[in-house]
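Please brief me on this protein model. Keep it short and group the points by topic.

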Amino acid sequence: MGRVTERRKVLRIRDGAVSTRPDTLVAEEPLEIRLNGKPLAITMRTPGDDFDLAAGFLVSEGALATAADLRNIVYCAGATADGSNTYNVVDVRTAPDVALPDFTLERNVYTTSSCGLCGKASLDAVRTTARWPIADTPPLRVPPELLADLPGRLRAAQRVFDRTGGLHAAALFDEDGQLLDTREDVGRHNAVDKLVGRALRNDALPLSRTILMVSGRASFELAQKAVMAGIPVLAAVSAPSSLAVDLAVETGLTLVGFLRGTSMNVYAGEHRIALREPATHG
C-alpha cells in the first residue's frame, strides 16, 4: 500500500543557512475496527497490514485465539457519505461458534498511536485471561549475548524508519536469535498487533518459542499482548512501566528493559536468562 509515507514541504535551518525542501513523513490515519459488523475500537496507525493489525488486536482482547476462530476480514465499502472506500474501516467476522468476551462500554474505546488502549477503569479491566499459560516445555533459555544482538537486528530491518525517523518497530525472533517477522508503525502497540495478527492468520499461535523485541518502552499493554500471544520473553530498549513488571511477575513473562549494547535490566522471569555466573547482590 502506497500510503505508508507522505511528502511535506519544510523550512530547513542548518548552521544559520535557511532553505526549503520536501521531507518524507510517516503516514498516520485512523483505523476503525468492527467486530461482526459492530464498531469496537479506533486506532491511529500507519496504513498497511491492516487485517493483521485487526486480528492481533482481537487476540489481545481475548476474542480470537486460532485461525479457525476467524471467518474473514474485509474493508468496509461505503465508509464515507458518498459511498467510497477509505480503506480505514475493517470488519472482522468470527466463526459462528466463537464465544466473544463481554465488551463493555469501557472496552469500546478510542486508541492513540502513542499509548494504545487508554483510560481503562482499572487494572482488573485489562487483565484478560490468557488462553495459553506461559510455560516452557522444554525450558527456553536465552543468553544475554543473544539478547544484546537483537536491537541491532531490529534496527537493520526498519526500512521505513530510515526514510522518516518516525516509526516504532516490533520483531519476533526465535530462540536462536533468527528474525522471524518484523513490523513498523507509528504506534508500537500496533506494530505488535500486526506481528500477532499475522501469526494468528498463519495458525502459528501460541508463539511459545519466540522473543518479542520492541523499540521504545515496555508498557503494560505490550506485556499483555505478549502474554495473550503466548510469547515468553519481551525485550525493550527503554524502561518498562510498573504495571508491565507486575503483569510479568504474575504471568511468568520474562521482561527485559534498557537493552542497550551489552547492558540490560531483567525485571521478571530471570530463570530464562542463561547466565554464565550467578548474580551478585548489592
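Which residues does Asp-91 touch, not counting residues up to four places away in sequence? Asp-91 touches Arg-34, Leu-35, Asn-36, Gly-37, Asn-72, Ile-73, Val-74 and Cys-76. A contact here means heavy atoms within 4.5 Å.

This is a predicted model, in which local features need pLDDT of at least 70, side-chain atom pairs count only at pLDDT 80 or more, and totals for chains, interfaces and linings use all residues. Residues are numbered from 1 along each chain as its sequence is written, and side-chain values use heavy atoms, with hydrogens and water left out.

**Overall**

- The protein has seven helices and 14 strands. These are DSSP runs numbered from the N terminus: helices are H or I with at least four residues, strands are E with at least two.
- Of its 282 residues, 50% count as buried. Buried means under 20% relative accessible area, exposed means over 50%, and partly exposed lies in between (1.4 Å probe, protein chains only).
- The accessible surface of the protein comes to about 13400 Å². Carbon and sulfur atoms hold 52% of that surface. The areas come from the Shrake-Rupley method with a 1.4 Å probe, and for residues only the protein chains shown count as cover.
- Among contacts with a separation of 6 or more, 54% link residues 24 or more positions apart.

- Asp-91 is found in strand β6 (residues 89–94).
- Asp-91 counts as buried, at 5% relative accessibility.
- Asp-91 and Phe-51 are 40 residues apart in sequence. Their C-alpha atoms are 9.0 Å apart in space.
- Arg-34, one of the residues touched by Asp-91, lies in strand β3 (residues 29–35).
- Arg-34 is partly exposed, with a relative accessible area of 24%.
- Not counting residues up to four places away in sequence, Arg-34 touches Pro-39, Leu-40, Cys-76, Val-89, Val-90, Asp-91 and Val-92.
- Arg-34 and Val-74 are 40 residues apart along the chain, and 9.9 Å separates their C-alpha atoms.

- The buried residues of α1 include Asp-50, Asp-52 and Ser-60. Phe-51, Leu-53, Phe-57, Leu-58 and Val-59 are also among them.
- α1 and α5 pack at an angle of about 90°, with their axes 6 Å apart. Axes are lines fitted to C-alpha atoms, for helices over the stretch in contact, and angles run from 0 to 180 degrees between N-to-C directions.
- α1 and α5 are therefore roughly perpendicular to each other. Angles of 65 to 115 degrees count as roughly perpendicular, under 35 as roughly parallel, over 145 as roughly antiparallel and the rest as oblique.
- On the α1 side, the contact is made by Phe-51, Asp-52, Leu-53, Ala-55, Gly-56, Phe-57, Val-59 and Ser-60. On the α5 side, they meet Asn-190, Asp-193, Lys-194, Val-196, Gly-197, Arg-198, Leu-200 and Arg-201.
- By class, this contact of α1 with α5 has seven nonpolar, four polar and five charged residues. Ala, Val, Leu, Ile, Met, Phe, Trp, Tyr, Cys and Pro count as nonpolar, Asp, Glu, Lys and Arg as charged, and the others, Gly among them, as polar.

**Helices α6 and α7**

- Helix α6 (residues 220–228) packs against helix α7 (residues 242–251) at an angle of about 25°, with the axes 7 Å apart. That makes α6 roughly parallel to α7.
- Phe-220, Ala-223, Gln-224 and Val-227 in α6 meet Leu-243, Ala-244, Leu-247 and Thr-251 in α7. The residues of this contact of α6 with α7 divide into six nonpolar, two polar and no charged.

**Backbone points to check**

- A cis peptide bond joins Leu-205 and Pro-206, with omega about 0°. Pro-206 is found in the loop between α5 (188–201) and β11 (210–214).
- Asp-49 is not a glycine, yet its phi is positive, near 55°. Asp-49 sits in the loop between β4 (38–45) and α1, and is partly exposed at a relative accessible area of 33%.
- Phe-258 lies in strand β13 (residues 254–260) and is partly exposed, with a relative accessible area of 31%.
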